[in-house]
Amino acid sequence: MELINRTIELVKEKLEGTESGHDWFHIERVWKLSLKIQEKEGGDKLIIELAALLHDIADPKFHNGDETIASRIVNEFLTEQKVDSETIEKVIFIIENMSFKNRNEAPQNLPLELKIVQDADRLDAIGAIGIARTFNFGGYKNNLMYHPDIEPKLNQSKEEYKKSNGTTINHFYEKLLLLKDLLNTETAKEIAEHRHQFMLQFLDEFYKEWNVTF
């Protein structure tokens, strides 16, 4: 518990002032969701907690696309905390391989701990919270909310996804609505059903109001 508390302190310090869709409260929700899933699915609780807490310690989108910073911070911190090297390697492996943009590059036969943290992170990207985070990030990037003449870009490569500046509504089709079918655990899939339907209802209402057809 002492290690978890020190990890929480580090995360809060590193993410102070971060865009609110990727701040401490996002981390806290992913952490809690991970524990909920772990209760039913199993897996090494310590590895799951550490990976959930540290997974966005240095999100590449806020560090000029550098995907190595997070691993360095995590390795240095956990080494200082006298965590064994095998645990550190497992935590870093999860952080390096759980993102949506890296899904086509991830190894096969992923460990249960990664599947759980990845599911928790994806659950926080859908439903009411997912909608709020998406519009928050779109505003942060000064993207259009919606443009009827701009089509979603489906099946984007990693590089295309990283450089995408499409509309916020298009992001639903480019990512959010895909997540339900990319989940790993049965527990996460059950949670996702309601959240997915909520997003569909939101989109239906959005188009009605946009087109003044309600």
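**From one side chain to its surroundings**

Modeller: Trp210 has a relative accessibility of 37%, so it counts as partly exposed. On this scale buried is under 20% relative accessible area, exposed is over 50%, and partly exposed lies in between (1.4 Å probe, protein chains only). Before going on, note that this is a predicted model: local features need pLDDT of at least 70, side-chain atom pairs count only at pLDDT 80 or more, and totals for chains, interfaces and linings use all residues. Residues are numbered from 1 along each chain as its sequence is written, and side-chain values use heavy atoms, with hydrogens and water left out.

Trp210 sits in helix α10. Helices (H or I, at least four residues) and strands (E, at least two) are DSSP runs, numbered from the N terminus. Leaving out residues up to four places away in sequence, Trp210 touches Met145, Tyr146 and Pro148. Contact here means heavy atoms within 4.5 Å. Take Pro148: its C-alpha atom is 9.8 Å from that of Trp210, though the two residues are 62 apart along the chain.

Trp210 also belongs to an aromatic cluster, together with Phe135, Tyr146, Phe172, Phe202, Phe206 and Tyr207. The pairing rule covers rings of Phe, Tyr and Trp (its six-membered ring) with centres within 6.5 Å. Planes under 30 degrees apart are stacked, over 60 edge-to-face, and the rest tilted. The count by this rule is ten aromatic pairs. One of them is Phe135 with Phe202: their ring centres are 5.9 Å apart and their planes stand at 75 degrees, so the pair is edge-to-face. Phe135 is in helix α7 (residues 127–140) and Phe202 in helix α10 (residues 186–210), so this pair ties together parts that are 67 residues apart in sequence. Both partners are partly exposed: Phe135 at 21%, Phe202 at 25%.

Phe206 has 12% relative accessibility, so it counts as buried.

For contrast, here is a polar site. His55 lies in the loop between α3 (45–54) and α4 (69–80). It is buried, at 7% relative accessibility. Its side chain makes polar contacts with the side chains of His26 (3.3 Å) and Asp121 (3.2 Å). A polar contact is a pair of N or O atoms within 3.5 Å; within protein, one must be able to donate a hydrogen and the other to accept it, and residues adjacent in sequence count only if both atoms are side-chain atoms. Beyond four places in sequence, His55 contacts His26, Ile27, Val30, Ile95, Met98 and Asp121.

Met98 carries the picture on. This residue is in the loop between α5 (85–97) and α6 (112–123). At 4% relative accessibility, Met98 is buried. Its contacts, again beyond four places in sequence, are His55, Val117, Gln118, Asp121 and Arg122.
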